[in-house]
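The entries follow the order in which I looked things up.

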Amino acid sequence: NPEKLKSYPGFKRALAMGISKDMAFYHDLPYEEIKGFINEEKDAIFSKIPGEVVEKNGLNWEHVGSTSIKGMPGTIYPDSLILYNQYPPPREAFDALMENGFMFIGSGPFHAADLWFLKKVSRDGSRLHEAVFKIHLTPADLGPSLLLIETRDRCNANPADFEDYKNAKVEAAKHLESGNIMGYKGAKMASKLLQELTIKHGIAKPLGPPGPPK
């Protein structure tokens, strides 16, 4: 229901959960540990979705963001996509996320069909402890999702793209010192790779400014 979706807080909820507080920028993200954690989450969620639903809807998991690019500096907040063929998503996928401890916060800032779910990670003794894990439940052909996947693949395969994105992120990280996550995200657009892919995948301006948490 598009009207009901508007009533959810979206990114404001992520800010309220503390996603911008003490958001450290790491040059040595624990890539292998995060990869293992992502696989555990994937298995737990997909085990709750009937196989015929997975097959019928073409459900597929993609680990994206800085933690999916080996050697890329960034924040320690994991990010993944659950892709499906056609909107709306299967109810079983939504329910599996909720049963696995995720909170539905609404649509992402670029497209109403990009549904966001958040969960605080609990792993004592790990650098992941208290991080916020974000999952997008999104159509497979959605521009923002395609951008995330292609950014990962290009950076993992092409050293020039890796360095371009890395340099933009390192420069943008200055905004995190004051907890300005939106400044950080905006400054990353200095990356020529992101500029190219934003145009390629037809991504317009955000649906609206996230505003402060209530």
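Predicted model: local features only at pLDDT ≥ 70, side-chain atom pairs only at ≥ 80, totals over all residues.

Entry 1: I began with the strand order. The sheet is open, has 5 strands and reads β1-β2-β5-β4-β3, with mixed pairing. I noted β1 (60-64) and β3 (103-107) at the edges; each has a single partner strand, so one side of each is left without a neighbour in the sheet. On average, neighbouring strands are turned by 25° against each other, direction ignored.

Entry 2: I then looked at how β3 is joined to β4 (residues 115-120). The two strands run antiparallel and 4 bridges join them. Within this pairing I found M103 opposite L118 in β4.

**Entry 3: helices across the sheet.** Helix α3 (residues 31-46) lies across β1, β2 (79-84), β4 and β5 (132-139), and runs at about 155° to β1. For α6 I listed β1, β2 and β5, with an angle of about 60° to β1.

**Entry 4: helix α7.** I took the length before the packing. α7 covers residues 159-172, which is 14 residues, and reaches 20 Å from its first C-alpha to its last; this is close to the 20 Å expected at 1.5 Å a residue. At the start of the helix, a side-chain oxygen of N158 comes to within 2.9 Å of the backbone nitrogen of A160.

Which residues of α7 are buried? I have D161, F162, Y165, A168, K169 and A172 on that list. Viewed down the axis of α7, the buried residues fall within an arc of 140°, so they line one face of the helix. The face turned away from the buried side carries P159 and A160, which are exposed. I also looked up what covers the buried residues of α7, and the cover includes α6 (143-157), α8 (181-187) and α9 (192-200).

**Entry 5: T151.** I moved on to a residue in helix α6, T151. Is T151 buried or exposed? Its relative accessible area is 6%, and buried means under 20%, so T151 counts as buried. I next listed its contacts, leaving aside neighbours within four places in sequence: T151 touches I69, Y165, L193, L194 and L197. One of these, Y165, is already in my notes as a buried residue of α7.

Notes. Residues numbered from 1 in each chain as written. Heavy atoms only, no water. Expected span 1.5 Å × (residues − 1). Buried < 20%, exposed > 50% of the residue type's maximum accessible area, 1.4 Å probe, protein only. Arc of directions from axis to C-beta. Contact = heavy atoms within 4.5 Å. Polar contact = N/O pair within 3.5 Å; in protein donor to acceptor, adjacent residues only side chain to side chain. Pairing = 2+ DSSP bridges. Axes fitted to C-alpha atoms, helices over the stretch in contact; angles between N-to-C directions.
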